[in-house]
Amino acid sequence: GHEATVRAMLSAMVVKTRVEQGCERYVLHESIDSDRVFAFYETWRSKRDWEVHMETAHLNNLLAELPQHLAEEIQVVNLREIPIP
């Protein structure tokens, strides 16, 4: 029942994160089947840039505030692109 709040909190992260050094892509998605499922797709220039992002105040504040609005735990999946020639 907190979808609008979560959507607003995550949308604010997009604005703050896109200006970070090394952020190449930071896109918020919502499931087509459920307005209760959100996902970020993000691409960073380097692992170090991502690590710096993970220590930012705005991300840590979000991670501290968000769980009270969620029905399930946050899941993080790190992926590597498979180059297709």
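User: How many salt bridges does a search of the whole structure find?
Analyst: A salt bridge is a side-chain nitrogen of Lys or Arg within 4 Å of a carboxyl oxygen of Asp or Glu. This is a predicted model, where local features need pLDDT of at least 70, side-chain atom pairs count only at pLDDT 80 or more, and totals for chains, interfaces and linings use all residues. Residues are numbered from 1 along each chain as its sequence is written, and side-chain values use heavy atoms, with hydrogens and water left out. The number of salt bridges found in the whole structure is five.

User: Which residue forms a salt bridge with Arg7?
Analyst: Side chains of opposite charge can pair when their charged atoms come close. Helices (H or I, at least four residues) and strands (E, at least two) are DSSP runs, numbered from the N terminus. Arg7 lies in helix α1 (residues 3-17) and its partner in strand β1 (residues 23-30), so the pair ties together parts that are 23 residues apart in sequence. The closest N and O atoms are 2.6 Å apart, and the partner is Glu30.

User: Is Lys47 buried or exposed?
Analyst: Buried means under 20% relative accessible area, exposed over 50%, and partly exposed in between (1.4 Å probe, protein chains only). Lys47 has 61% relative accessibility. Lys47 therefore counts as exposed.

User: Which residues are linked with Lys47 in a network of salt bridges?
Analyst: Lys47 pairs with Glu51, the closest N and O atoms being 3.8 Å apart. Glu51 also forms a salt bridge with Arg48, at 3.7 Å. The residues linked with Lys47 are Arg48 and Glu51.
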